[in-house]
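Please read them alongside the structure.

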Amino acid sequence: MIKNIFLNIKKRIGNFRFFGKKKEKATPTKWYYRLLKFFLKLFVAVVIYFLAVNFNFLWLFGSSPSVNNEKEIKTSVASELYTADSVLIAKYYKENRSPATYNEIPQVFINALIATEDARFFEHGGIDLRATFSVFWYFAKGDNRGGSTITQQLAKNLYKTRKISTGLFGYIPIVRTIVAKTKEWITAVKLERSYTKQEILTMYINTVDFGSNSYGIKVASQTYFGKHPILLNTEEAALLVGILKAPTLYSPIANPKNALERRNIVLSQMVKYGYLTQEKFDVISKHPIKLNYKQDDQSNIEHGAYLRNAVANFLKDWLKKKGLDLYTDGLKIYTTIDSKMQRYAEEAVAEQMKKLQKKFNRLTKGSVPWTDKYGEEVPHYIENFVKTTDLFKKLQKRYKNHPDSVMMYLNKKKKMTIFSWKGEKDTIFSPIDSIKYYKQFLNAGFMCMDPFNGNVKAWVGGINYKYFKYDHVNQAKRQPGSTFKPFVYLTAIDNGYSPCDRIEDRAVTINYVENGVKKSWSPHNADFEFTGENMTLRHAMARSCNSVTAQLTEKVTPQKVAKYARQLGILSPLKPVPSIGLGSNDVSIYEMVGAYSSFLNKGIRNEPFLITKVADKKGKVIEKFKPVAKRVISEETAFLMVYMMMGGLEEPGGTSQALFEFDIFQKNQIGGKTGTSTSYSDGWFMGMSKDLVCGSWVGGEDRSIHFVGEEGEGCHTALPIYGIFMTKVYNDPSLGITKGYFPKPKIKIVKHYICKSGGKKKDKDDDDNGFFEDIPVEKETP
């Protein structure tokens, strides 16, 4: 060995040459020189590789995120919907996130996070090489640990580094992963150079997924503990940090045992790094998990679920024009809704529909509720409906030419949770069982607005948004029955008639032409009888007399009735046929409430106004909206129509007198009109007080679902919703809605309007006050 060393030295000396000497064979380099040269080449190669990835050399790697601290990093933030009294009523989101500031994040949570996820967070510059290389050591030992820093995880969460453009190398599985990880490292370093450690922590804590559709600490704290994050204690903070590793596996709801174990691991990490004493750990690690869990589910909002969708529809075109995303841009939307009135409206619908459904179930017990006007079962109703469903269409595609397989799937029973008026319940149903079950339910819609400014105060689209998503305020259009009659009387009064003019209640046949075809129509009253009375127009409208309405329609023409209805805001298609005044066309509650409001607002129509302003996530107002007002009828006509509406309660036999069951009449005036469609499929009520105009509808999802008989009249189905609602409103002084009389006209009323109501054949100029007498309520005319 020594000999070899000397020979090597001799050889090196022998090969040494001075200036100008002939170049000879290179001397072998020492091993550490070779190693240094290797690492130098490796370093240069790595730098070139990182530069190539960052600048997407030859389009091989795909684009890399650009980080600029002067430009705000865009994260998906939930938009929030507020009432006029600043109550958060709903959210819109893809990821349910409400950002918290650094000062809103408790130090105990930050300590738990750093101890568990990135102990050297305040020491590294985005990449923790020690943690990165330790991954291989732990992997060899069978411990699958992560080496990503908090900053790296933030880069992945913010910029989706594994989903953005991957370039040509993106098609090679293992190489794709290496490139994505490289982009994550590069982006982490950029973040560290652009933001402070506090800013990085804040961004990270606001982006992470805590499970249960909760993103960011603010929403997670509310979801699991019902509190603001700053109020979290040590064990609660540790639980939330523990969830981050695997939100489903360590969910305290789905896997409480795993969550408890993981929480205690986080606590032990806090002890390890000096954030928690051993004594305190020994105490709190024995505590069970205590939650105040309430998931913010978009389909099961406590109040305003239907309103949420309505607002989204109203804003659709505006959002497109502004280039905004309702579900990610963190908008703050302010509405005209009053939170208390909204709650009272929802309670009123629930109270009435719970009782009504019980009555409906009792009357249809032993039979099916899908019947024709004679109470006979509609043949093949369920089979025909099933064929219209998306599920049936998908099954048909999957099992082509195998109808037996389709039916087998539709009849296959499985566990499911269903709606009931006693609360949700678990059962075992097939898809067809489910359809049969839900088709038996009656539904409802209710809207109330301030006629003087158009502000919508309450909006209830149905009985339960989670199970019945169709909105019966604005989406649904149904026959309004007799609630459309006021448009006939409006047309007459605005064209020379007065409330005191009389028309005889008698059988009539009206001949007309529709689409070139000659037709005739002979309307009948509810009881199929004609009194022969020479009724005043006010009395006839109050009694909902079909024969008088039909004759008046013929006199003023159906075309003119349709024109006036459109003028007041009924924009649904209206066929100008003789039966138009009896509500033969489909309309929405939204249209009807808006139209009736013109009566109370002295003939000026305020379009129902729902949204006042929209602000960005920082509170800066993007746009303010203004109500649209337009005069549609004269002030005199408007006053006379309010007087006509009061007839439903003041005239003998007025169909709105069921409202007297509610304690809302002491020193108070209310106008109302009931309506019932053919076969009792739809029950309506339109009510107005000196401050509000409201409308309610009750019926089945399909017209074949209905009462058979007077139980289905609007005075029994829809009117009580209004009565319950107004009772609650009047009993809450904080709303400022008080009982009182309709405002007196400030102009001279030229037309004669105070006259004897009827009951007997009267001369046109006989006078009395026409107020309510103690006469039994007659059946309402469908």
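1. A residue is called buried under 20% relative accessible area, exposed over 50%, and partly exposed in between (1.4 Å probe, protein chains only). Cys545 is buried, at a relative accessible area of 3%. Cys715, at 9%, is buried as well.

2. The model is predicted: local features need pLDDT of at least 70, side-chain atom pairs count only at pLDDT 80 or more, and totals for chains, interfaces and linings use all residues. Residues are numbered from 1 along each chain as its sequence is written, and side-chain values use heavy atoms, leaving out hydrogens and water.

3. There are 2 disulfides in the structure, a disulfide being a pair of cysteine sulfur atoms within 2.5 Å. Counting bonded cysteines along the chain, the pattern is 1-3, 2-4.

4. Cys448 belongs to strand 6 and Cys694 to strand 18 (residues 693–700), so the bond ties together parts 246 residues apart in sequence. Both cysteines of this pair, Cys448 and Cys694, are buried. Helices (H or I, at least four residues) and strands (E, at least two) are DSSP runs numbered from the N terminus.

5. Cys500 is joined to Cys755, S to S 2.1 Å. Cys500 sits in the loop between helix 18 (485–493) and strand 8 (502–504), and Cys755 in the segment after helix 25 (719–730), so this pair links parts 255 residues apart in sequence. The torsion about the S-S bond of Cys500 and Cys755 is about -100 degrees, so the disulfide is left-handed. Cys500 and Cys755 are buried.

6. An open sheet of 5 strands runs in the order 7-6-18-17-16 with antiparallel pairing; two strands pair if DSSP finds at least two bridges between them. Strand 7 (456–460) and strand 16 (671–676) are the edge strands, each pairing on one side only. Strand 6 (residues 442–449) pairs with strand 7 over 4 bridges, in the antiparallel sense. Across that pairing, Met447 stands opposite Trp459 in strand 7.

7. A further open sheet has 5 strands in the order 2-1-3-13-14, with mixed pairing. Strand 2 (88–92) and strand 14 (621–624) each have a single partner strand, so one side of each is left without a neighbour in the sheet. Strand 3 (residues 332–335) and strand 13 (residues 611–615) pair in the antiparallel sense over 4 bridges, and Ile333 stands opposite Val614 in strand 13.
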